[in-house]
Amino acid sequence: MYKLTFFTLFLVVTIASCKTDDAKPESSPSATFDQVSETDAIMSVIENETSCFYARDYNCWKAHYAHVDYAFQSWNNADGTFDAKVGWGEINSKAGKFIQDNPVPPGGSSHPKVERRNVKVKFFNSGLAYLSWNQYNINPAMKMYTPSLETRIMEKIGGAWKIVNVTAYWDYVNLVPVNELK
């Protein structure tokens with residue numbers, strides 16, 4: 001009898017706590033929030049950060065990040081391992097060393113062309129957004145793309161969008177020839 005009572009109570013609490021699909025979250029952007037212009041502003045930050053990183057411009061790269069202890073960056077490596085850093089201090093240390101240890105010629109880029117497709121954006125409120133997309137990163141010879149699946153969490157800090165989270169999974173095996181990316 002005790003098990004049946006416990007199960008019934010658990011079931012009632014579970015059902016009562018469920019939200020309907022049409023329930024609007026409290027933190028959703030207001031009617032005056034312009035998602036198109038905010039998305040454009042976010043994509044500008046993301047594009048600039050990528051360009052700065054590939055050009056190995058440390059000061060430009062770090063200007064696009066939230067320098068907070070909850071920042072997070074993770075990626076996979078070509079050898080099958082992964083790397084993840086938590087907090088701006090760790091991200092800055094790892095990426096700063098990578099930028100220093102892997103220079104490109106002045107005015108150059110490790111990936112001179114990047115294409116983003118299937119961008120999905122979810123605003124949780126007017127200061128917090130999640131994005132995901134498919135990315136294609138061309139090699140310096142401009143012959144092959146390395147595809148990746150990318151996500152970002154963006155936070156508006158002091159009126160400017162900053163990157164709080166980077167997750168990047170690169171497919172180092174299935175490269176895409178330039179002429180096959182349509």
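Okay, let's start inside the largest pocket: 24 residues line it, and the ones nearest its centre are Phe 53, Tyr 54, Trp 75, Phe 98 and Trp 170. Quick reminder before I go on: this is a predicted model.

Where does that lining come from? Two or more residues each are given by helix H2 (35–54), strand S1 (72–76), helix H4 (88–101), strand S5 (144–157) and strand S6 (160–170). As for the kinds of residue, the lining has 11 nonpolar, 8 polar and 5 charged. The space in this largest pocket is about 550 Å³.

Now let's step back to the whole protein. We've got 4 helices and 7 strands. If you walk along from the N terminus, the order goes α-α-α-β-β-α-β-β-β-β-β.

How much of the protein is buried? Of its 182 residues, 35% are. The accessible surface is about 11300 Å², and carbon and sulfur atoms hold 58% of that. On contacts, take the ones between residues at least 6 apart in sequence: 54% of them join residues at least 24 apart.

Last stop, a couple of backbone details. Asn 118 isn't a glycine, yet its phi is positive, near 60°. You'll find Asn 118 in strand S3, residues 114–125.

Met 142 also has a positive phi, about 60°, and again that's not a glycine. Met 142 sits in the loop between strand S4 (128–138) and S5. So is Met 142 buried, exposed or partly exposed? Its relative accessibility is 40%, so Met 142 counts as partly exposed.

Key. Residues are numbered from 1 along each chain as its sequence is written. This is a predicted model: local features need pLDDT of at least 70, side-chain atom pairs count only at pLDDT 80 or more; totals for chains, interfaces and linings use all residues. Side-chain values use heavy atoms; hydrogens and water are left out. On a 1 Å grid over the protein atoms alone, a cavity is a set of points where a 1.4 Å probe fits but cannot get out, and a pocket is an open set with protein on both sides within 12 Å along at least five of seven lines; lining residues have an atom within 4 Å of a point. Grid points are joined across faces, edges and corners, and a volume is the space filled by probe spheres set on the points. Ala, Val, Leu, Ile, Met, Phe, Trp, Tyr, Cys and Pro count as nonpolar, Asp, Glu, Lys and Arg as charged, and the others, Gly among them, as polar. Buried means under 20% relative accessible area, exposed over 50%, partly exposed in between (1.4 Å probe, protein chains only). Contact means heavy atoms within 4.5 Å. Accessible areas come from the Shrake-Rupley method with a 1.4 Å probe; for residues, only the protein chains shown count as cover.
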